[in-house]
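Please look over the sequence and the structure shown here before reading on.

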Amino acid sequence: MHHASTPVTAFQGDRRLARGPLAEVARDVAALAEPSGVLIFRDDDGRSLDLDLRGAPDDVVGRLAPPPQAAPRGPGRPKLGVTAREVTLLPRHWDWLSRQPGGASVALRKLVEAALRDPAEEGRAAQGAAYRFLTTMAGDRPGYEEATRALFAGDADAFKLRIGDLPADVRDHALALARMP
């Protein structure tokens, strides 16, 4: 099930039809006289979505999941939004974590926060999103392999050059997903 608030972009062939929250885009696509051949991509990871477009636009939107709600409170530190979950580690990992200031939970939170701020991680996510989108939209076109090599090499100039012959909407969306300077 897809969340109604997920940011997406819809294409019909090589033309971008709509961009915005999934509920709005799904409504626009469902209102088309002929919605077949429409592809909808998540803007965060470039994955395509498979929606049931049967019925009236309100029916299509009604089948989408509502936005995620806050998790029910349980063990942990509810005022901070911390919930207890299980993690499986080797004994040497637990030993290292137990020696860290603040204990295992604090050390794990610091490691995760540092990874979230790592520009390299953001770059890898953007590359993956652009790759998934391009594979679907341009995987059979000339220059695709060279473009993906440039994408994963982080060579913005070569990437832009290799996708330069793609239709404008496809090219522009790939560049936006890749987040290359």
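On a 1 Å grid over the protein atoms alone, a pocket is an open set of points where a 1.4 Å probe fits, with protein on both sides within 12 Å along at least five of seven lines, and its volume is the space filled by probe spheres set on the points, which are joined across faces, edges and corners. The largest pocket has a volume of about 380 Å³. Two or more lining residues come from each of β6 (82–83) and α4 (103–117), where strands (E, at least two residues) and helices (H or I, at least four) are DSSP runs numbered from the N terminus. The largest share of this lining, six residues, belongs to α4.

This is a predicted model, in which local features need pLDDT of at least 70 and side-chain atom pairs count only at pLDDT 80 or more, while totals for chains, interfaces and linings use all residues. Residues are numbered from 1 along each chain as its sequence is written, and side-chain values use heavy atoms, with hydrogens and water left out.

Asp14 lies in the loop between β1 (7–12) and β2 (15–21). Leaving aside residues up to four places away in sequence, Asp14 touches Met137, Arg141, Pro167, Asp169 and Val170, a contact being heavy atoms within 4.5 Å. The C-alpha atoms of Asp14 and Val170 are separated by 6.1 Å, although the two residues are 156 residues apart along the chain.

Conventions:
1 Å grid on protein atoms, 1.4 Å probe; cavity = no way out; pocket = protein on both sides within 12 Å on 5 of 7 lines; lining within 4 Å.
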